[in-house]
Amino acid sequence: MKKVNINNRRLRSIVQFLSFVIHNLGFNMALKTGIITPALYCYGCPLAFFACPFGTLQHFISLSRFSPYLAGSIGAYSMFAGRFYCGWICPFGAFQDLVRGVGKRIGIKGFKVRYLMLPPLIVLALALLLAYIYEDTVFCRACPSGTLFATIPYHLLNPGENPSVYFYLHVLSLATVVILTLSIDRFWCRYLCPIGIIYGLFNKLSLIKVKVDENLCSRCGICLKSCPMGISSIKDIGSSPGCILCLECMRKCPTKAIKLKL
């Protein structure tokens, strides 16, 4: 496997910013491509260039229809990079990084909570079940990413429109995530994101991998302390469904035992 030298937090910030710009190139209907993005980014955003993978998945389930294009897109994304998109591409993931950064600057102490796979799996199953039962994209009614990038911008652009009950539900969900993320790194990604857990289940099979060289590893635990997802075991680095391949562990490793490989 080929080793790749990407070990710079600033580089990730630049990629995240460029991703946000690209996701908002839909200035007119001709630029609203409908191409499915790997990120959780609402197609209801006024400037959305792509379609949301989980919103689209709910849509077809609500219609009891199978979409080869959707299945192929999510499958290809999963097999190529696993949960890499969460750490580098997703605008809502970048937003959480900014929120936690604010929390650190104002002195909010971080809680040491570990990653758990079961909560996002429950959210995934529940969201898909509700979409099927109610024949609607129910999860989208309270998605905090949709709140930030679609609901709030829409009402800012249409100030005369009276907000519905879903607007307040959206605001409540976003406020809850922001408050918890001030003290818990990537709270949404850890415990609630339904598309993230789908990608994460393919971390072991994806072409992009993070590997720990056991011959170089000193078992100091610095990598685990720096993990924004709360991964608690060295053997889970790169393979756990919670690993977003952000490479913070690689950046902090004093013995250079952690490598990104293709």
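What I'm showing is a predicted model, where local features need pLDDT of at least 70, side-chain atom pairs count only at pLDDT 80 or more, and totals for chains, interfaces and linings use all residues. Residues are numbered from 1 along each chain as its sequence is written, and side-chain values use heavy atoms, with hydrogens and water left out.

A few terms before we go on. Helices are DSSP runs of H or I with at least four residues, strands are runs of E with at least two, and both are numbered from the N terminus. On a 1 Å grid over the protein atoms alone, a cavity is a set of points where a 1.4 Å probe fits but cannot get out. A pocket is an open set with protein on both sides within 12 Å along at least five of seven lines, and lining residues have an atom within 4 Å of a point. Grid points are joined across faces, edges and corners, and a volume is the space filled by probe spheres set on the points.

Back to that second largest cavity. It holds about 80 Å³ of space. Which residues lie nearest its centre? They are Leu-40, Cys-86, Cys-90, Cys-193 and Ile-195, out of 15 lining residues. At least two lining residues come from each of helix H4 (84-88), helix H5 (91-105), helix H9 (187-191) and helix H10 (194-200). By class, the lining has 12 nonpolar residues, two polar and one charged. Here Ala, Val, Leu, Ile, Met, Phe, Trp, Tyr, Cys and Pro count as nonpolar, Asp, Glu, Lys and Arg as charged, and the others, Gly among them, as polar.

Let me stay with Cys-90 for a moment. This residue sits in the loop between H4 and H5. Is Cys-90 buried or exposed? Its relative accessible area is 11%, so Cys-90 is buried; buried means under 20%, exposed over 50%, and partly exposed in between, using a 1.4 Å probe and protein chains only. Beyond its neighbours within four places in sequence, Cys-90 is in contact (heavy atoms within 4.5 Å) with Ala-39, Leu-40 and Tyr-85. Between Cys-90 and Thr-56 there are 16 Å from C-alpha to C-alpha, and the two are 34 residues apart in sequence.

Now, how many cavities of 30 Å³ or more does the structure hold? Four.

The largest pocket has a volume of about 970 Å³. Its lining counts 39 residues, with Asp-97, Arg-100, Lys-104, Asp-185 and Pro-228 nearest the centre. Two or more lining residues come from each of H1, H5, helix H7 (144-157), H11 and H12, and the largest share, 10 residues, is from H5. This lining has 16 nonpolar, nine polar and 14 charged residues.

The second largest pocket holds about 490 Å³. Of its 25 lining residues, Cys-42, Cys-140, Ala-150, Thr-151 and His-170 lie nearest the centre. Helix H2 (53-62), H7 and helix H8 (165-181) each give two or more residues, and H7 has the largest share with five.

Thr-137 is my next stop, in the loop between helix H6 (118-134) and H7. At 15% relative accessibility, Thr-137 counts as buried. Leaving out neighbours within four places in sequence, its contacts are Tyr-43, Gly-55, Gln-58 and His-59.

Last, helix H1, residues 9-23. The expected span is 1.5 Å times one less than the number of residues; for the 15 residues of H1 that gives 21 Å, and the end C-alpha atoms are 21 Å apart, which agrees. Arg-12, Gln-16, Ser-19 and His-23 are buried in H1. Why do we say they line one face? Seen down the axis of H1, the buried residues fall within an arc of 60 degrees, so they line one face of the helix; the arc is that of the directions from the helix axis to the C-beta atoms. These buried residues pack against H4, H5 and H12. On the face turned away from the buried side, H1 carries the exposed residues Arg-10 and Phe-17.
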